[in-house]
Structures are given as structure tokens and as C-alpha cells.
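The sequence and structure come next.

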Amino acid sequence: MEFAEIFNETNMVAFLLLFFRFAALFIAVPIFDHKNIPINIKAVMAFFFTVFFYGSMPPLDIPINLPTIVVAILGEFMLGLSVGIVLQLAYNVITFAGGQISYMMGFSMASAIDPQSGISMPIISQFLSLIALMTLFALNLHHWILLFVAHTLQTIPLGGFVMSHDLFHYIMHVTTKMFLVGFMIAFPVIALSWLADVIFGMLMKTMPQFNLLVIGFPIKIMVAFVVLIATLTATMLIVKGQVQEAFNMLETFF
């Protein structure tokens, strides 16, 4: 009888909603959303963590009927997507900065398929994105996500997520901040590239035989790489701060 009670409809619905909460997070959150992770592996991970966290889940407190379950599943997806959007915007700061740096270096046409997102991206953006991904692993972001789920189980009941206006306004704020911080990261390379353009322009005026394509562009690329390497540690610290700030804000919304 006790074994049969485990598989009653309330427990099964609660298990299903918890599974969708993990599945939505694994689809949208950095690290877990990597395109090289097959979807069946993500499903197995979501099932495993659902079984692991099921014992710490509070009792389900929603009516058991089809419309309510459908709305609850959509709410769980909205929860995962909201968290994923906030963290992705904090992480995509480095991608935007890499695009600006690639443009100033003349590498805007040198793009390839990014293994993480599955889209075409400048190679500098890919390089910085992979370094930032290793930084997130060093920060144990994957552990933070699991702790965050444990926190939401106590603060947001299954099927009870409603997106607030404060969260929506914060997403708009983070979107604006992504461009500002990304430009701040790329500014050293941009500034020196502009300075190099001014110097090369002066040289071409005083020395008409100066070949900008043969001499100027390699020097400009070399200077950009030197600045990029010199500021790489500071760049990763900025990305780390952005992700940590995003997590701290998530705790206030959930």
C-alpha cells in the first residue's frame, strides 16, 4: 500500500513539474546549454537531479487537472528561461566585446561556427567566450545552479512561478548594461586601434610611400593582440563580477 501511494497522481505531477524545472534550466543556463551536449544527455541529467531533489521538495499545492498542469508546466519553463536570460546576458558581455575587438582588428569577416552557441561568430568572440566558459567552471557555476534550484524549491512552489514586473525591468536593465560593459571591455583595444589609425594617417601624409596594407595592418593586429593578452585577466574578472551580480539579483527575485 505504501509503495502504491508513492505513485499517486499528486506525486507524479510534482515529479513532472520538478523535471521540467530542471529541463528548462539546462536548456537556457550557460554551461548546461552548450550545443555539444546532446539533448538526450540533458534529459538524463534533468531526470537524475529530479530524483535527487525530489525528497527535499515541499508538498504540491495545486489542483490536479489538465489546465492547471499545463499552466504549471509553462510556469516552470518561464522560470528556467528567465534565469537563463539573466545569466546569458551577463555572460554575453564577453561575446559583444569580442565582436567589437574583431571589428577593430579587421577580423570581422574571420568568423566560424561557435561550438557553444551553434551560430557564426568572430574568432575573437569565440576565443574570449571559451576562456569565459572555463572561468565559469572555475567559479563552480554548475554548483550554483543546483543550489539555486534547492533555494527556489523553498521559495517558489512548483507551478507557482509568475514573472514580476521587477524581473522584467531588471532584464531590460541588464540588456542595456551588457552593451555598456562590453564596450568598456573592448575600449583599450578600440582606443589603441584609433590611435594607430591616427599615427598611420600622419605617416602616410609625411611618407607617401608608406604601404598601409603591408605594414600598417600587421602592426595594428599585433598591438591589438598585445593589449588583449595584457587585459585578459581583468576581462575575466569583469565577467566573473557580472555573473556574480546576476546571481545575487536572482536571489531577490526568487
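## T50 and its surroundings

T50 touches F15, L18, F19 and F22, leaving aside residues up to four places away in sequence. The residue is found in helix α3. With a relative accessible area of 0%, T50 is buried. The model is a predicted one.

## Aromatic pairs

There are 14 aromatic pairs in the structure. In one of them, the ring centres of F22 and F49 are 6.0 Å apart and the planes stand at 20°, so the pair is stacked. This pair links distant parts of the chain: F22 belongs to helix α2 (residues 9–28) and F49 to helix α3 (residues 39–53), 27 residues apart. F22 is buried, at a relative accessible area of 0%. F49 also counts as buried, because its relative accessibility of 16% falls under the 20% limit. Ring pairs join F22 and F49 with F26, F48, F52 and F53 in a cluster.

F183 and F187 form a tilted aromatic pair, with 6.2 Å from centre to centre and 55° between the planes. Both residues lie in helix α8 (residues 165–206), 4 residues apart, or about one turn of the helix. F183 has a relative accessible area of 38% and is therefore partly exposed. F187 is likewise partly exposed, with a relative accessible area of 42%.

## Nonpolar core

The largest nonpolar core has 70 residues. Those with the most contacts inside this core are L17, F22, V83, L87, I101 and L158. What does L17 touch, not counting residues up to four places away in sequence? The residues touched by L17 are L60, I62, I69, A72, I73, E76, L158 and G159.

## Packing of α2 and α7

Two packed helices are described by the angle between their axes and the distance between the axes. For α2 and helix α7 (residues 141–155), the angle is about 140° and the axes are 12 Å apart. The crossing of α2 and α7 is right-handed.

On the α2 side, the contact is made by L18, R21, F22 and L25. On the α7 side, L146, V149, T152 and L153 take part. The residues of the contact of α2 with α7 divide into 6 nonpolar, 1 polar and 1 charged.

## Packing of α5 and α6

The axes of helix α5 (residues 93–105) and helix α6 (residues 123–138) come within 7 Å and cross at roughly 150°. The crossing of α5 and α6 is right-handed. In α5, the residues in contact are I94, T95, G98, G99, I101, S102 and M105. They meet I124, S125, L128, S129 and A132 in α6. The residues of the contact of α5 with α6 divide into 6 nonpolar, 6 polar and no charged.

I124 lies in helix α6. Is I124 buried or exposed? I124 is buried, with a relative accessible area of 4%.

Key: Residues numbered from 1 in each chain as written. Predicted model: local features only at pLDDT ≥ 70, side-chain atom pairs only at ≥ 80, totals over all residues. Heavy atoms only, no water. Axes fitted to C-alpha atoms, helices over the stretch in contact; angles between N-to-C directions. Helix = DSSP H or I, 4+ residues; strand = E, 2+ residues; numbered from the N terminus. Left-handed = near helix turned anticlockwise from the far one by under 90°. Contact = heavy atoms within 4.5 Å. Nonpolar A, V, L, I, M, F, W, Y, C, P; charged D, E, K, R; others polar. Core = buried A, V, L, I, M, F, W, Y, C linked by side-chain atoms within 4.5 Å. Buried < 20%, exposed > 50% of the residue type's maximum accessible area, 1.4 Å probe, protein only. Phe/Tyr/Trp six-rings, centres within 6.5 Å; stacked < 30°, edge-to-face > 60°.
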